[in-house]
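Keep the viewer open as you read.

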There are 2 protein chains.
Amino acid sequence: MIKKSILAASVAIGISGLWGGAWADDAPDLEVISKIRDEGFNHSQVMKTLHHLTDRIGPRLTGSPAMTQANEWTRDQLTAWGLENARLEGFDFGPGWTWESVDVRMTAPRTDQLYALPISWYPGTDGPVTGEVVFAPMKSKADFEKYKGKLKGKIVLVDAVRPYKDPTELNAEDRRHANESILRYTEGELEDVSAYDVPEGAPGDDSWVSYKSWGYYLTDFLEAEAAAAIVRRSPRRNLLIDATGYQYLEGELPSIPAVRMASEHYDRAVRLLNEDLPVSLSLEVKARYHTDDMQSYSTLADIPGQGRRPELVMLGAHLDSWFMGDGAVDNGAGVAVTMEAVRILKAIGIKPKRTIRIGLWGGEEQGYYGSYQYVKNHLATRPAREDEKLKYMEPYAREFGMFPIAKKPEFDRFSAYFNLDNGSGKIRGVYAEGNAAAAAIFKTWLEPFHDLGADTVTMNDTGGTDHEVFDDIGLPGFQFIQDPLDYDSRLHHSTADTYDHAFEKDLKQAAVIMASFVYNAAMRDERFPREPEPREREEDLKKDEADE
Amino acid sequence: MIKKSILAASVAIGISGLWGGAWADDAPDLEVISKIRDEGFNHSQVMKTLHHLTDRIGPRLTGSPAMTQANEWTRDQLTAWGLENARLEGFDFGPGWTWESVDVRMTAPRTDQLYALPISWYPGTDGPVTGEVVFAPMKSKADFEKYKGKLKGKIVLVDAVRPYKDPTELNAEDRRHANESILRYTEGELEDVSAYDVPEGAPGDDSWVSYKSWGYYLTDFLEAEAAAAIVRRSPRRNLLIDATGYQYLEGELPSIPAVRMASEHYDRAVRLLNEDLPVSLSLEVKARYHTDDMQSYSTLADIPGQGRRPELVMLGAHLDSWFMGDGAVDNGAGVAVTMEAVRILKAIGIKPKRTIRIGLWGGEEQGYYGSYQYVKNHLATRPAREDEKLKYMEPYAREFGMFPIAKKPEFDRFSAYFNLDNGSGKIRGVYAEGNAAAAAIFKTWLEPFHDLGADTVTMNDTGGTDHEVFDDIGLPGFQFIQDPLDYDSRLHHSTADTYDHAFEKDLKQAAVIMASFVYNAAMRDERFPREPEPREREEDLKKDEADE
């Protein structure tokens, strides 16, 4: 008992020395931390949860029957653990898509069974499609002219080849990706993550919108040319396949099949074609659309707070995945950890001041559908852009950066959101998203977890996942810093994203820290401090004028 | 001109200082080295050769039509480059085997298309084989009792599961393998390779014989039990498959199909079975035997030496491969480099004192068939063991370590053999195989290649490839030290053994050094120094007596 209060005092002193003392009362309740650690380390169910999501249910593409199964299973499991009001919240999505089989073979100049996967939302074939292969790398609409009239009945390789570089000759950052190693952050690397990167120029970059549109333009062109099939090159090496596809609306679905081929097999075909050797492929895909329900769903559940209308602390992760592999580290791991965090809190019997709500989002991979719908239902709405380029785009893309933000009543009761979606690596710290008060609080909250390797707080932003929908409207939304392992270099959106690639120790550690952050946020005296409200940037206003 | 002779003199002095001067006259002719470097670096054909072997011809399993094609193409290519007497030398091998397609699917508790390859020399199926899966890991004949009567009609998973360990928690050597990185030797690691490892106890270990026999016992057992199919676990991870199989003689061919499954998919099936969930598979394999020619072949060709019966310097690499991938780094790379070495020597117009002979061996992967047959045809023979355990074994296994060695006339004219078969990494040095005179000579020969990273000579042995058949009978046979890259950790015998994984700079460097070593050996005044003649070890004699 004495030791504990000495430690608590010294933590508070340490922090007040560093941060000026304003958040000294955020020192966590170490008795509760001990309970969380004991439950999370000695009575964990995190691997059992991950096993069910990945081995049993498998990949959970938004709109697919497996996603529905995952929605229902998580809802029932959260209820079984004692959470309340476990429910599904729908959002408009469009047709679902699943594949059953794929068979791609080189038939000339020699035969070989190739590694390829169908690309999502492209149709299956009616028996095998065979044809001569044309290498027609296209990067912009200008390239269409080059191949017009030459692709009828052809199987078209549409991506350029990028030769493998010797990674021992690359710089450290590129080498990390090329080497596909399992890596943990060094102290030096964590210092780099900590150092704030002052923004330059306008962040209103819309190249990602054009990038997403490119796939639609290319498909339109190849359909008009009556190509037999599209072959894209997987950006991964060592036969791993990333076959992410574009979501299509009903009535707009593509009419020719498309596969993504392992880079080794793709590049070999190109080398043979470069010798003027005819290359033929045979390609058969069984795939189908699901149009019985054009909505898809997120799973939500609560540990209710005290009082009539308590404030809200949220945690979450996206439940949907791509269909390569079993969606284990993207993001079965995040789901298993956040579910384990609320299981721990229920198991140790906490009575939170604020309501704790878990959100297991659908449609993250296609553009934050589930979490953004949650924001629109409960927190705030913004106007939509009218833009032809955005016709296939998700609501988030159409409304991103638009003003005014119309707040709903729950906006003021919202405290903070914590997200996990960077693979299965343990937590090394947290991104404070430019919120200096949050950074000070997180420093304090991480003190009891330095022995688990978690001690870094950075003022930097990080993007690419569901906390952004909260951050964008000025609400505190955070994502953790996780050990990279081989998430970016190998597993992310690849066929190897399976259960085996998550390490138990990492997930247990993350669940304990997640539970503790959520508990601290639910119990602190004040609502979590906010960043300045977002407002239109001068650069964006000028740009809008110029566009008109 | 002056610079060159100063360098030559200083090399000679440097070496005589180190090694006592006896081999000071081995200082290489640096004018010739310059020509070799120029031809090898600026007019290389090594990647073109590798491309033809891998992309065009593809995998070259011994006994397969592609292997014959490779024999014929290398013979014709060597002839085109001006080598003489290019020819094939046959050896008895047995039926060849090729596969055309494989389709393995999980059908319960959910459906998924799995990554698997047929195992060589096992039969195809007559349509899909479907069945319930049983996990029956068997490691010794004693395990058969456990499963007797329980496997009829079942698809049997016969290998134990080994969970993935977090490689950041492993020791350096294990981490190297687990991380699957592309690695180059550090100076410290090269020092470790240099330090001589004094042998302990009797090296007459025959565990490898029992290991090889195990596959035959297991297949016999599962055939007797009328299992529907055998499923083995690939030892690789990240969906790479090693599907090496056992060679079978005619009349002994297995009657049930067997596949090797990616460890991720294998382990998932085991996890589901461990929950008492029935797992079913469907499995279809198209494969065939080739019995039109029970011989297979090595390719040989010469650059003739001067005089009536000149001595012989050899270089070589095995031309055969497994059927996973295209046999690029095992050992298309070695073949391309040795072929490039003789091409360089012909291109610069050397007139060697000794005959230079290239041997591109068949049947290495099944046990040095081609190179050992060469030894028996030309150099020496030894008696064969009579041992039931060895009934399926290759001649090398049956005769290994047997005495007396009956020398043939060419034995005395044989100078040295240089082999390359450790992936596509550049040469960092050479194994002197306990031959101190060789070590001194190699130090001298490597002097002009320190700028290419090749400067290590170790007295240690290395095994596992064709130089052993020469070394075993007391003739100088050597293998180079090569940068590990990802050969052991990822590519060796795996589906990713394709052209893209070899780096041009490495192969060019190796070809230049190989050409230079062969040239030096062909031109030196004396025949290459030999180790003491092998004789039966006292331990082996005692063991033989005890066995009787």
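**Starting at one aspartate**

D471(B) counts as buried because its relative accessibility is 17%, where buried means under 20% relative accessible area, exposed over 50% and partly exposed in between (1.4 Å probe, protein chains only). D471(B) sits in helix α15 (residues 467–471) of chain B; helices here are DSSP runs of H or I with at least four residues, strands are runs of E with at least two, and both are numbered from the N terminus. Setting aside neighbours within four places in sequence, D471(B) is in contact with E433(B), G477(B) and E531(B), contact meaning heavy atoms within 4.5 Å.

Some ground rules before going on. This is a predicted model, in which local features need pLDDT of at least 70 and side-chain atom pairs count only at pLDDT 80 or more, while totals for chains, interfaces and linings use all residues. Residues are numbered from 1 along each chain as its sequence is written, chains are lettered from A and ligands numbered from 1 in the order in which they are written, and side-chain values use heavy atoms, with hydrogens and water left out.

Now zoom out to chain A. Its secondary structure comes to 18 helices and 18 strands, and its C-alpha trace spans about 80 × 50 × 45 Å along the principal axes. Of the 548 residues of chain A, 60% count as buried. Among contacts in chain A between residues at least 6 apart in sequence, 85% join residues at least 24 apart. For a mostly covered helix, look at α11 (residues 369–378) of chain A, where 8 of the 10 residues are buried, including Y369(A), Y372(A) and K376(A).

How do the two chains meet? The contact takes 50 residues from chain A and 50 residues from chain B. About 4,300 Å² is buried between chain A and chain B, with carbon and sulfur atoms giving 46%; that area is the accessible area (1.4 Å probe) that two parts lose on being put together, summed over both. R110(A), R271(A) and D500(A) supply 13% of the area that chain A buries against chain B, more than any other three residues. The rule finds 14 salt bridges across this interface, each a side-chain nitrogen of Lys or Arg within 4 Å of a carboxyl oxygen of Asp or Glu. One salt bridge joins R184(B) and D166(A), with the closest N and O atoms 2.6 Å apart.

Most residues other than glycine have a negative phi, and most peptide bonds are trans. The peptide bond from D330(A) to N331(A), however, is cis, with omega near 5 degrees, and N331(A) is found in helix α10 (residues 328–347) of chain A. Another cis bond joins F403(B) and P404(B), with omega about 5 degrees. W121(B) has a positive phi, near 75 degrees, and is buried at 0% relative accessibility. L485(B) has a positive phi near 45 degrees and is buried too, with a relative accessible area of 6%.
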